[in-house]
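Open your viewer and get ready to select residues by number. This tour tells you what to pick next and what you will find there.

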Amino acid sequence: MQGDVAIIGLNRPDKRNAISDRVVEAIGAAVLRATDEAKAGVIWGEGTHFCAGLDLGEHSKKSLIDSVKGSRRWHRIFDLIERGSIPFVSALQGAVVGGGFELAASTHIRVAEENAFFALPEGQRGIFVGGGGSVRIARLIGSGRMGDMMLTGRVLSAQEMERWGGVSYVVPEGGAKEKAIELATQTATNAEMTNFAILNALPRIRDMSSEDGLFTESLMSALTTGTPEAEERLRAFLEKRAAKVAAPKDA
Ligand code: 1HE
């Protein structure tokens with residue numbers, strides 16, 4: 001923990017933080033604990049690479065049914081990140097590959113170091129994404145671009161991925177974790193109900209018709225405004241006790 005922020009590290013650098021069954025279960029346990037104890041979380045990887053994706057050694061030994069169950073396990077656990085109640089920021093360096101990119105896509109904000117690189121080599125490996133990428137990555141960067149990555153195996157730099165909308169911040173080498181903690185700390189100061197609505201209403205509204213989306217938005221808007229926290233924050237602004245919105249420093 002750092003203040004209100006839970007720090008979750010992938011700690012298997014000798015295997016480039018490849019995700020085995022044990023690793024994905026450990027991520028799930030850490031995320032549940034963070035959701036209970038913290039107001040925001042950071043997910044980062046020990047060593048020179050964020051994550052090399054699925055543990056291919058373990059995967060190659062699986063039966064068909066175990067492979068389906070394995071994918072469903074990733075879905076269940078990554079869903080705890082994406083649609084839980086606290087925001088998660090991922091700090092990315094080196095390889096952000098396959099399931100590593102799927103993990104990053106389940107977090108709410110992605111910070112990449114200049115040396116980070118992104119790929120979906122499933123085509124080359126003869127497999128398919130199984131950690132939610134066909135939904136989350138496709139919605140993040142577009143299914144056309146995702147299809148291009150999977151078909152050609154092309155590798156994108158952090159800057160290219162930023163242009164594609166897959167990461168929101170590119171920082172110098174060695175700086176991703178610190179920036180991710182800074183952003184997570186910032187999100188932890190928001191009203192809890194607003195963070196909950198952002199995490200849970202936004203992805204659902206995206207899946208709705210415009211009409212249903214607008215209706216749901218009105219309900220969420222009223223629900224958040226009705227909390228004592230919102231009442232106090234709105235009063236603080238009107239009594240000039242709250243910070244104003246300031247123009248960016250480099251504007
Ligand atoms: C692994 C894995 C892994 C490394 N599963 N063991 N992911 C991939 O196709 C990416 C495969 N990995 C790589 O391309 C490279 O390892 C990296 C670019 C990530 C890093 O390169 P490098 O030179 O720093 O490391 P290395 O020497 O390749 O790997 C170090 C060790 O990690 C080595 O084991 P060692 O026992 O020989 O030391 C590697 O075998 C091992 N290693 N990556 C198992 N992925 C839910 S579906 C998701 C589908 C996918 O994720 S597909 C993409 C899989």
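Two residues are in contact if their C-beta atoms, placed from the backbone, lie within 7 Å. This is a predicted model: local features need pLDDT of at least 70, side-chain atom pairs count only at pLDDT 80 or more, and totals for chains, interfaces and linings use all residues. Residues are numbered from 1 along each chain as its sequence is written.

**Stop 1: helix α7**

Helices (H or I, at least four residues) and strands (E, at least two) are DSSP runs, numbered from the N terminus. A residue is buried if 20 or more other C-beta atoms lie within 10 Å of its own, exposed if 12 or fewer, and partly exposed in between.

Select residues 143-152, which form helix α7. Which of its residues are buried? They are Met146, Met149 and Met150. These cover an arc of only 90° around the axis, so they sit on the same side of α7. The arc is that of the directions from the helix axis to the C-beta atoms. Now show what covers them: β6 (117-119), α5 (122-125) and α6 (133-141) are included. Turn to the other side of α7, where Gly144, Leu151 and Thr152 are exposed. Step on to Gly153, which follows α7 and has a positive phi, near 70°.

**Stop 2**

Pick Leu202, in helix α10 (residues 192-206). Leu202 has 14 other C-beta atoms within 10 Å, so it is partly exposed.

**Stop 3: helix α1**

Select residues 21-37, helix α1. The 17 residues should span 24 Å at 1.5 Å a residue, and the end C-alpha atoms are 24 Å apart, which agrees. The expected span is 1.5 Å times one less than the number of residues.

Colour Val23, Val24, Ile27, Val31 and Ala34, the buried residues of α1. Their arc around the axis is only 95°, which puts them on the same side of α1. Their cover includes β1 (5-10), β2 (40-45) and α3. The face turned away from this buried side carries the exposed residues Arg22, Glu25, Ala29, Asp36 and Glu37.

**Stop 4: two residues with positive phi**

Most residues other than glycine have a negative phi. Zoom to Asn17, in the loop between β1 and α1. Asn17 is not a glycine, yet its phi is positive, about 60°. Is Asn17 buried or exposed? It is buried, with 26 other C-beta atoms within 10 Å.

Next, go to Lys240, in the segment after α12 (228-238). Lys240 also has a positive phi, near 60°. Lys240 counts as exposed, because it has 7 C-beta neighbours inside 10 Å.

**Stop 5: α3 against α4**

Show helix α3 (residues 64-82) and helix α4 (residues 99-106). Their axes come within 8 Å and cross at roughly 35°. Axes are lines fitted to C-alpha atoms, for helices over the stretch in contact, and angles run from 0 to 180 degrees between N-to-C directions. Phe78, Ile81 and Glu82 in α3 meet Glu102, Leu103 and Ser106 in α4.

**Stop 6: the core**

A nonpolar core is a set of buried Ala, Val, Leu, Ile, Met, Phe, Trp, Tyr and Cys residues joined through C-beta atoms within 7 Å. The largest one here has 61 residues. Val42, Cys51, Leu92, Val96, Val111, Ala112 and Ala180 have the most contacts inside it. Finish at Val111: beyond four places in sequence, its contacts include Val89, Leu92, Tyr169, Ala180 and Leu183.
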